[in-house]
Amino acid sequence: MTTLSVVAIRLTRVSIPLTMAHAGSMYVIQKTERTVIELLLENGITGLGETWGTPDVYALAQRYARDWLGRDALDRIALREALGKSSYDNRFGRNGLATLAGLDLAAWDATARSLNMSLAELIGGRKRESIDVVSTLPAAILPRAVSRKELTDHLDVLSNTKLVVQFALEQQRKSGFRSFKLKSAAYSPEWDWKLLNELREAMPRARIRFDPNANYGAATATELCRRLDPLGLEFFEDPTGELEGIARLKAAVKTPVATNMWVVRDEHLVPAIRRQAVDVVLGDLFMWGGIDAWRRMARVAHAYGMKPALHSVYETGIATVANLHLASALPEVEYPNDSGLHFLSSDVLTEPQEVRDGAMRLPTGLGLGVTLDRSKLENVTLEGAEIRA
Amino acid sequence: MAAPVSIAHTHVHSVRIASGAEALVARVLAAGGTAGFGFTLNLDAGVARDMAAWDALGRSKGVPLFGLLGGSYRKAIKAFKDELPAISPDWTALRKDILDGRHELLRIDPFAWGSVEMVQTIAAVAQAFDLSIALLAPNAHPWEIQYCAALAATLKGEDTRIIVRSGSAFSSIPVSENPGMGIDWSVEPSFSKIQWQS
């Protein structure tokens with residue numbers, strides 16, 4: 001039997017500036033930090049992965065990587081089980097799952113390349129070559145990463161909403177985006193209501209999702225979302241917090257309700273199903289702990305009438321392309337993919353991953369179908385480590 | 001959904017196996033020329049074709065089924081003699097019954113449910129609801145048991161098992177590491193006599 005023994009894992013923590021400040025209710029940022037993973041097999045093939053770039057996750061990745069040396073990448077379930085059989089065994093919570101997801105992605109990529117398949121084919125079949133993607137709209141257009149006080153001062157001037165509308169139209173003109181996600185600072189319902197009305201008027205046919213990251217209380221969120229219902233938004237993403245609050249809100253509105261915060265692990269699925277809490281599980285590959293876990297989530301969600309969709313933050317081309325492969329392979333995925341890649345000032349891949357006519361093409365090569373550009377990687381490297389026996 | 005393999009030809013033959021029963025045997029010829037085989041004793045050619053497609057893909061890549069599906073939870077599968085009925089292949093009813101808490105162990109006849117993908121979907125739901133799966137080899141034929149073992153390797157849960165209607169009360173079935181489904185076709189002499197079209 002073919003075995004794909006892991007001989008080394010290389011980790012590179014990178015920091016990549018964003019082309020503009022991005023504001024939401026949880027952050028105002030102007031850079032993204034990620035950990036790029038290279039998993040080397042005995043057969044000479046290297047798989048690429050990526051995960052969060054916090055120092056905690058980077059350290060955890062080194063620890064997990066040591067456990068993976070000598071193991072068989074073909075058996076990703078066994079790799080995952082080596083770190084614990086249940087969520088109780090995961091002593092590192094969300095960081096543990098994100099670390100696992102990054103290594104798991106590299107193992108899937110290495111396996112697909114070794115078997116002469118694209119990643120989509122290994123996941124379940126290459127069904128689509130072009131995937132619609134979503135452009136994030138910051139809560140406000142800001143000159144730099146400002147303080148919360150400066151942000152709220154800006155939001156107090158309601159006429160500033162026009163800057164976001166202009167930005168959305170630029171995105172539409174430049175790359176043909178048909179789908180947008182408005183991040184909300186969850187500071188002013190009046191700002192959000194005015195801005196979403198203006199966006200709808202400016203782009204009558206666009207799909208627009210609205211994401212306050214659960215920072216509105218349930219009563220405020222429900223009141224706001226009821227007012228927004230006539231706009232026919234694509235969905236309300238985490239309009240408020242905890243499963244119970246979001247379930248009550250869903251019952252009060254006609255617009256679909258999505259979450260990437262309250263249904264993020266296996267054990268959240270059944271309570272969400274029983275409570276009929278959401279319409280869309282906007283699953284993040286890194287929160288769910290990897291490709292197999294995401295695929296299972298999609299099957300379960302679809303079986304009980306929820307729609308799975310792919311969440312993303314400001315990821316490099318590696319994770320962006322991984323999400324394209326998932327969307328291509330899984331017929332359950334109908335919504336456009338989140339993507340923040342076009343806001344990164346540079347990438348780590350040789351092949352540019354461009355958005356044209358609001359969509360990205362699935363790369364045609366083996367595995368992810370992309371190659372790491374070592375020069376680009378070096379330019380954004382914070383630190384690196386190679387784990388080898 | 002069948003396996004992600006480019007299929008050049010698919011053929012199905014009816015053969016008489018040693019027990020006197022009729023089996024349908026499917027051959028899928030992948031675009032690269034690798035042949036894969038599948039079968040059924042319940043005369044539903046769909047499951048045989050699906051199995052043959054996965055077998056062709058596994059053989060062409062040199063990996064067992066679990067290598068294509070993401071990995072394995074175990075190297076051997078417990079097999080029990082069990083007379084309890086399998087769950088009727090009605091997905092709408094099963095989803096509701098699971099939600100209503102009517103099951104603890106899902107007794108699934110994979111030949112009745114039609115495809116590897118369907119078993120994987122049931123397994124995903126079972127895992128979410130913390131249920132286990134017992135795969136029924138309805139005629140306790142070695143081919144059936146080997147197919148069930150290949151599938152059961154990929155199913156989470158300590159209670160995962162194969163159930164048979166006859167034979168010994170308990171046994172342990174090794175998961176084949178041979179490419180494809182790992183089925184030993186030679187146990188039925190009639191298999192080698194099939195005249196496949198070129």
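Analyst: In domain 1 of chain A, 44 residues are in contact with 42 residues of domain 2 of chain A, where contact requires that the C-beta atoms of two residues, placed from the backbone, lie within 7 Å. The model is a predicted one, in which local features need pLDDT of at least 70 and side-chain atom pairs count only at pLDDT 80 or more, while totals for chains, interfaces and linings use all residues. Residues are numbered from 1 along each chain as its sequence is written, and chains are lettered from A and ligands numbered from 1 in the order in which they are written.

On the domain 1 side of this boundary in chain A, at least two residues each come from β1 (6–23), β2 (28–41), β3 (46–52), α2 (76–81), α3 (93–114) and α14 (374–379). Such helices (H or I, at least four residues) and strands (E, at least two) are DSSP runs, numbered from the N terminus. The largest share of that side, 10 residues, is supplied by α3(A). By class, the side consists of 25 nonpolar, 11 polar and 8 charged residues; here Ala, Val, Leu, Ile, Met, Phe, Trp, Tyr, Cys and Pro count as nonpolar, Asp, Glu, Lys and Arg as charged, and the others, Gly among them, as polar.

As for the extent of the two parts, domain 1 of chain A covers 6–116 + 372–388 and domain 2 covers 121–361, with bounds that come from an automatic or database domain assignment. Their centres, taken over C-alpha atoms, are separated by 24 Å.

Within chain A, A:Lys181 is placed in strand β5 (residues 179–183). A:Lys181 counts as buried because it has 24 C-beta neighbours inside 10 Å; the term buried applies at 20 or more other C-beta atoms within 10 Å of the residue's own, exposed at 12 or fewer, and partly exposed in between, with C-beta atoms placed from the backbone. Leaving aside residues up to four places away in sequence, A:Lys181 touches A:Val134, A:Thr136, A:Leu137, A:Arg209, A:Asp211 and A:Asp338.

Chain A also meets chain B: 22 residues of chain A are in contact with 20 residues of chain B. On the chain A side, α2, α10 (266–275) and α12 (291–303) give two or more residues, and α12(A) gives the most, with 5 residues. This side has 11 nonpolar, 3 polar and 8 charged residues.

Here α12(A) packs against helix α5 (residues 116–128) of chain B at an angle of about 90°, their axes being 8 Å apart. Axes are lines fitted to C-alpha atoms, for helices over the stretch in contact, and angles run from 0 to 180 degrees between N-to-C directions. The two helices α12(A) and α5(B) are therefore roughly perpendicular, a term for angles of 65 to 115 degrees, whereas those under 35 count as roughly parallel, those over 145 as roughly antiparallel and the rest as oblique. A:Arg296, A:Arg299, A:Val300 and A:Ala303 of α12(A) make this contact with B:Thr121, B:Ala124, B:Val125, B:Gln127 and B:Ala128 of α5(B).

Chain B has a domain boundary of its own, between domain 1 (7–64 + 181–192) and domain 2 (68–174). There, 19 residues of domain 1 are in contact with 13 residues of domain 2, and α1(B) supplies the largest share of the domain 1 side, 7 residues.
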